[in-house]
Amino acid sequence: MAACAERVAAVLPAAGSGARLGAGVPKAFVELAGVPVLVRAVDGLLDSGVVGHVVVVVPAEQAGAASAMLPGRPVSVVPGGADRTASVAAGLAALPPSVEVVLVHDAARPLTPPAVVERVVTAVRAGAPAVIPVLPVTDTIKQVDGDGTVVSTVDRSALRAVQTPQGFRAGDLRRAHAGAPDPRTDDAGLVEALGDPVTTVEGDPLAFKVTTPWDLRIAELLLAGAVERIG
Ligand code: C5P
């Protein structure tokens with residue numbers, strides 16, 4: 001671990017039910033090629049060499065199991081909340097005050113390359129208060145009404161798909177969560193609500209979120225190298 005990593009910590013929200021995956025256990029505890037999604041996500045952060053500690057946020061009844069899965073790693077495990085924003089807030093509360101840079105990373109992105117983690121931390125260290133990894137949107141995007149009828153076509157050149165880890169100066173993220181008006185699907189949304197700037201860096205297709213059984217299968221194929229062989 002690099003010396004400066006001591007002041008960089010990550011909060012890993014892993015307290016979702018994983019209902020859309022339908023695996024019968026919380027998504028973070030599903031095994032991906034023999035290793036739980038949660039363990040892959042933690043190790044991806046630590047392998048970057050720029051993260052010194054990870055606070056893992058899990059359903060209260062899974063705290064013991066999560067700790068047992070992560071022996072020898074610089075992690076702490078805390079119980080989550082009713083939604084993602086509440087789970088991240090619980091993780092933030094467990095961070096030591098000495099932490100200067102906080103990453104928030106979905107446990108559900110187990111193949112995120114360490115290079116993405118490094119890019120985000122480098123941008124925060126360079127002075128950006130909030131940094132998100134993004135990819136261009138390749139599909140045409142349409143807005144629809146409640147019946148599914150198209151209302152408009154959105155200009156995709158100005159759209160970005162947002163990944164994690166998202167990086168913040170610790171004080172800014174604490175302030176954003178303290179003033180959170182309502183739950184958001186990401187933490188940069190809370191910073192935006194305060195009117196603070198959010199900077200983008202390049203994301204990576206491998207940082208995709210495992211949400212459905214299809215995503216899990218794709219992740220398994222990638223780990224097996226099968227997709228590379230086809231391509
Ligand atoms: O539901 P979604 O896929 O957007 O969740 C993103 C991440 O937030 C997942 O890693 C999930 O475990 C986490 N989460 C959480 N607490 C909740 C809901 C979701 O930590 N109450």
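Here are some notes on the predicted model above, point by point.

1. Ground rules. This is a predicted model, so local features need pLDDT of at least 70, side-chain atom pairs count only at pLDDT 80 or more, and totals for chains, interfaces and linings use all residues. Residues are numbered from 1 along each chain as its sequence is written, and side-chain values use heavy atoms, with hydrogens and water left out.

2. The main core. The largest nonpolar core has 30 residues; a core here is a set of buried Ala, Val, Leu, Ile, Met, Phe, Trp, Tyr and Cys residues joined through side-chain atoms within 4.5 Å. Buried means under 20% relative accessible area, exposed over 50%, and partly exposed in between (1.4 Å probe, protein chains only). L12, L38, V42, V51, V54, V56 and L103 have the most contacts inside this core. At least two residues each come from β1, α1 (37–47), β4 (53–58), β6 (101–104) and α4 (114–125). Helices (H or I, at least four residues) and strands (E, at least two) are DSSP runs, numbered from the N terminus.

3. Helix α1. Eight of the 11 residues in α1 are buried, among them V37, L38, V39 and A41. Leaving out residues up to four places away in sequence, L38 touches L12, A14, A28, F29, V56, V58, A66, M69 and A107, where contact means heavy atoms within 4.5 Å. Just after the helix, G49 has a positive phi of about 80 degrees.

4. A lysine to look at. K27 sits in the loop between β1 (8–13) and β2 (31–32). K27 is buried but has no salt bridge, and the nearest side chain of opposite charge, D215, is 7.2 Å away. For the charges, Lys and Arg count as positive and Asp and Glu as negative, while His and the chain ends are not counted. A salt bridge is a side-chain nitrogen of Lys or Arg within 4 Å of a carboxyl oxygen of Asp or Glu. Beyond four places in sequence, the contacts of K27 include G16, S17, V37 and T211.

5. Helix α7. D215 turns up again here, as the buried residues of α7 are D215, L216 and A219. They cover an arc of only 100 degrees around the axis, which puts them on the same side of α7; the arc is taken from the directions from the helix axis to the C-beta atoms. Those buried residues pack against β2, whereas the face turned away from the buried side carries the exposed W214 and A224. G225 follows the helix, with a positive phi near 80 degrees.

6. Salt bridges. The structure holds 11 salt bridges. One of them pairs R73 with D43, with the closest N and O atoms 2.6 Å apart. R73 lies in the loop between α2 (63–69) and β5 (75–79) and D43 in helix α1, so the pair ties together parts 30 residues apart in sequence. R73 is partly exposed at 25% relative accessible area, and D43 is partly exposed at 23%.

7. A buried pair. R84 and D187 meet in a salt bridge (2.8 Å, N to O). R84 is in helix α3 (residues 84–93) and D187 in the loop between α5 (170–178) and α6 (188–193), 103 residues apart. Both R84 and D187 are buried. Salt bridges that share partners join R84, D106, R109 and D187 into one network.
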